[in-house]
Amino acid sequence: MKSINQVTLMGNLGADPELRKANDVSVVSFNMATTETYKDKNGEKKENTEWHNIVGWREIAELMHKYLNKGDTVHITGKLKTRSWEKDNVKRYTTEIVVDDFILIKKRTEKTNNE
């Protein structure tokens, strides 16, 4: 039986993508928010925001750094990956979405003084 590790998200960047080199390979990282809107039992509108750690490698990293900015809406496909490291003799873990592909849906529009 084949396994599938596939994630699809559409949300807004919480920060500009940060580009760095890891062993001469480009890697970009940023956080992304997805927000669910629903009505509670009293009919009041509520929102629940989840934050996701996004990582892109090589050409995807370069493209994301070039074209994406804080506040942009983006559609991302990729896979979940958990990595670990040790700090102060404590093993720590994080789960990230490693990007396979992305589509810029909407650029954040800058507010003018009249808004």
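Author: Gladly, and let us begin with the core. The largest nonpolar core has 16 residues, and Phe 30, Ile 54, Met 64, Ile 76 and Phe 102 have the most contacts inside it. At least two residues of this core come from each of strand S1 (7-13), strand S3 (25-39), helix H1 (58-67), strand S5 (73-87) and strand S6 (90-106). Please keep in mind that this is a predicted model: local features need pLDDT of at least 70, side-chain atom pairs count only at pLDDT 80 or more, and totals for chains, interfaces and linings use all residues. Residues are numbered from 1 along each chain as its sequence is written, and side-chain values use heavy atoms, with hydrogens and water left out.

Reader: What makes a set of residues a nonpolar core?

Author: The set must consist of buried Ala, Val, Leu, Ile, Met, Phe, Trp, Tyr and Cys residues joined through side-chain atoms within 4.5 Å. Helices and strands are DSSP runs numbered from the N terminus (H or I, at least four residues, for helices; E, at least two, for strands).

Reader: Which residues does Met 64 contact, leaving aside its neighbours within four places in sequence?

Author: Met 64 is in contact with Pro 17, Val 28, Phe 30, Ile 54, Ile 76, Val 99 and Phe 102, leaving aside those neighbours. Contact here means heavy atoms within 4.5 Å.

Reader: Why is His 52 called buried?

Author: Buried means under 20% relative accessible area, exposed means over 50%, and partly exposed is in between (1.4 Å probe, protein chains only). His 52 has a relative accessible area of 17%, so His 52 is buried. This histidine is found in strand S4. Not counting residues up to four places away in sequence, His 52 touches Leu 9, Phe 30, Asn 31, Met 32, Thr 34 and Ile 97.

Reader: What makes the link between the side chains of His 52 and Thr 34 a polar contact?

Author: A polar contact is a pair of N or O atoms within 3.5 Å; within protein, one must be able to donate a hydrogen and the other to accept it, and residues adjacent in sequence count only if both atoms are side-chain atoms. The side chains of His 52 and Thr 34 are joined at 2.8 Å, and this is a polar contact.

Reader: Why does Glu 18 count as exposed, and what does Glu 18 contact?

Author: Glu 18 has 56% relative accessibility, so Glu 18 counts as exposed. Glu 18 lies in strand S2 and, leaving aside its neighbours within four places in sequence, is in contact with Val 27, Val 28 and Ser 29. The C-alpha atoms of Glu 18 and Phe 30 are separated by 6.4 Å, with the two residues 12 apart along the chain.

Reader: What class does His 65 belong to, and why?

Author: His 65 is partly exposed, because its relative accessible area is 38%. The residue sits in helix H1 and touches Pro 17, Leu 19 and Val 28, not counting residues up to four places away in sequence.

Reader: How do you know that S2 and S3 pair?

Author: Two strands pair if DSSP finds at least two bridges between them. Strand S2 (residues 18-22) and S3 have 5 bridges and pair in the antiparallel sense. Here Leu 19 stands opposite Val 28 in S3. S1 and S3, also antiparallel, are joined by 2 bridges, and Leu 13 has Met 32 in S3 as its bridge partner. Between S3 and strand S4 (residues 45-57), which run antiparallel, there are 13 bridges. In S4, Thr 49 is the bridge partner of Thr 35.

Reader: What is noted about phi in the two hairpins?

Author: The hairpin of S2 and S3 has 2 residues between the strands, and Asn 23 takes a positive phi near 55°. In the hairpin of S3 and S4, with 5 residues between them, Gly 43 in the turn has a positive phi of about 85°. Most residues other than glycine have a negative phi. Asn 23 is exposed, because its relative accessible area is 78%. Arg 58 also has a positive phi near 55° in a residue other than glycine, and lies in helix H1.
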